[in-house]
Amino acid sequence: MIYKKKLALLLAIGTLLVAHTDATASADPLFADDSVIEVTIRAPLKRIMQERPDEDYVAGTFEYVDNTGATVALDVGIRTRGEYRRRRDVCPFAPLRINFQKQQVDGTVFDGQDKLKLVTHCRSGHRGYVQSVLGEYLAYRMLNALTDMSFRARLIKVKYVYTDDDDEKDSYAFFIEHKDALSKRLDLAIVKSGDVKVSAVEPVHLNLTSLFQYLIGNTDFSPVATLPGEDCCHNYVLFGSESEPLISIPYDFDQSGMADAPHAAPNPRFELSGVHDRLYRGRCPNNDRIDASIQTFLEHRDTLFQLIEDAPGFTNKARKDRRKFTEEFYETIEKDKRVDIRIRRACI
């Protein structure tokens with residue numbers, strides 16, 4: 001009887017995960033393609049970076065070349081966003097939120113978009129920060145390859161035109177799918193809650209993302225616990241419905257070894273020497289899912305390495321570093337003893 005109940009639960013979970021993979025077809029146009037969009041943003045960026053507005057938007061224009069070769073110009077609002085990266089001592093160029101006008105984006109690649117997060121380069125004139133943007137974007141793409149239940153991202157190459165300072169800067173950046181769009185794509189509501197119990201979160205997906213965080217060398221997250229002033233959970237968004245288990249989906253990988261940002265550092269309480277030191281933060285009640293999670297990573301090995309090879313913008317060194325970092329992950333999960341010591345026994 002116990003075996004039959006367990007089998008029924010596993011079949012139900014499998015149905016849940018497979019059903020949501022069909023949502024790919026309904027992805028917004030912006031995230032249905034992975035080609036790099038060339039963009040020009042014109043705005044009083046010097047003032048924006050001095051004042052760092054986090055509520056009021058400043059008027060600007062957003063120009064890009066569409067797939068017919070025509071230049072599309074959109075009126076947008078721009079403001080800064082975030083917590084850590086919004087601090088002046090951390091990022092002289094803060095992350096942005098772009099507010100599109102719905103009536104202008106109809107029929108464009110931005111059709112259906114409203115307010116989008118834009119991950120930016122943090123500091124100008126420093127190659128490491130540009131490479132870290134590309135590394136964080138790569139992390140999103142890797143998770144997309146592993147599960148459709150993840151935030152999509154779209155890379156852009158930006159020319160920032162400072163209309164108040166006669167200055168121009170070029171860099172990479174990327175948009176992140178809005179949580180409302182992900183909610184619609186997965187047909188799951190956003191759950192705004194305090195701390196939740198691990199037992200309330202669907203275990204297959206949770207364990208997969210825990211192993212993914214280990215792959216990218218990230219410790220700045222919690223899929224169930226909440227920091228002051230946050231909805232649940234820290235660098236995760238919780239989704240659910242009355243009939244299905246809760247799904248906790250991660251975002252924000254700038255503190256990871258895969259991003260390798262110059263400002264990145266592991267949580268000091270873990271006593272790690274740097275973001276390239278991995279620490280597994282999966283939950284002990286889900287240890288019986290580890291073998292299945294590892295199998296998923298093994299099945300997607302070629303795909304993940306191909307994403308590294310195909311990633312645009314990397315220097316030879318940056319690409320080599322990400323390849324080596326990923327190889328070290330696979331060297332761990334392919335050895336039972338290493339899995340036991342570094343993953344199973346390290347659970348929390």
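Cys 91 and Cys 122 are both buried, where buried means under 20% relative accessible area, exposed over 50% and partly exposed in between (1.4 Å probe, protein chains only). The model is predicted, so local features need pLDDT of at least 70 and side-chain atom pairs count only at pLDDT 80 or more, while totals for chains, interfaces and linings use all residues. Residues are numbered from 1 along each chain as its sequence is written, and side-chain values use heavy atoms, with hydrogens and water left out.

**Disulfides**

Two disulfides are found in a search of the whole structure, a disulfide being a pair of cysteine sulfur atoms within 2.5 Å.

| Pair | S to S distance | Torsion about S-S | Hand |
|---|---|---|---|
| Cys 91 and Cys 122 | 2.1 Å | about -95 degrees | left-handed |
| Cys 284 and Cys 347 | 2.0 Å | 95 degrees | right-handed |

Helices (H or I, at least four residues) and strands (E, at least two) are DSSP runs numbered from the N terminus.

Cys 284 and Cys 347 form a disulfide. This pair links distant parts of the chain, 63 residues apart: Cys 284 is in the loop between β10 (247-250) and α7 (290-299), and Cys 347 is in the segment after α10 (336-344). Cys 284 is partly exposed, with a relative accessible area of 32%, whereas Cys 347 counts as buried at 16%.

**Helix packing and nonpolar cores**

Helix α4 (residues 127-146) packs against helix α6 (residues 203-216) at an angle of about 145 degrees, the axes being 11 Å apart. Axes are lines fitted to C-alpha atoms, for helices over the stretch in contact, and angles run from 0 to 180 degrees between N-to-C directions.

Ala 139, Met 142, Leu 143 and Leu 146 of α4 meet Leu 208, Thr 209, Phe 212, Leu 215 and Ile 216 of α6, contact meaning heavy atoms within 4.5 Å.

The largest nonpolar core has 52 residues, of which Met 142, Phe 151, Phe 174, Phe 212 and Phe 297 touch the most other members. α4 gives the most to this core, with ten residues. Such a core is a set of buried Ala, Val, Leu, Ile, Met, Phe, Trp, Tyr and Cys residues joined through side-chain atoms within 4.5 Å. Not counting residues up to four places away in sequence, Phe 212 touches Ala 139, Met 142, Leu 143, Leu 146, Phe 253 and Phe 297.
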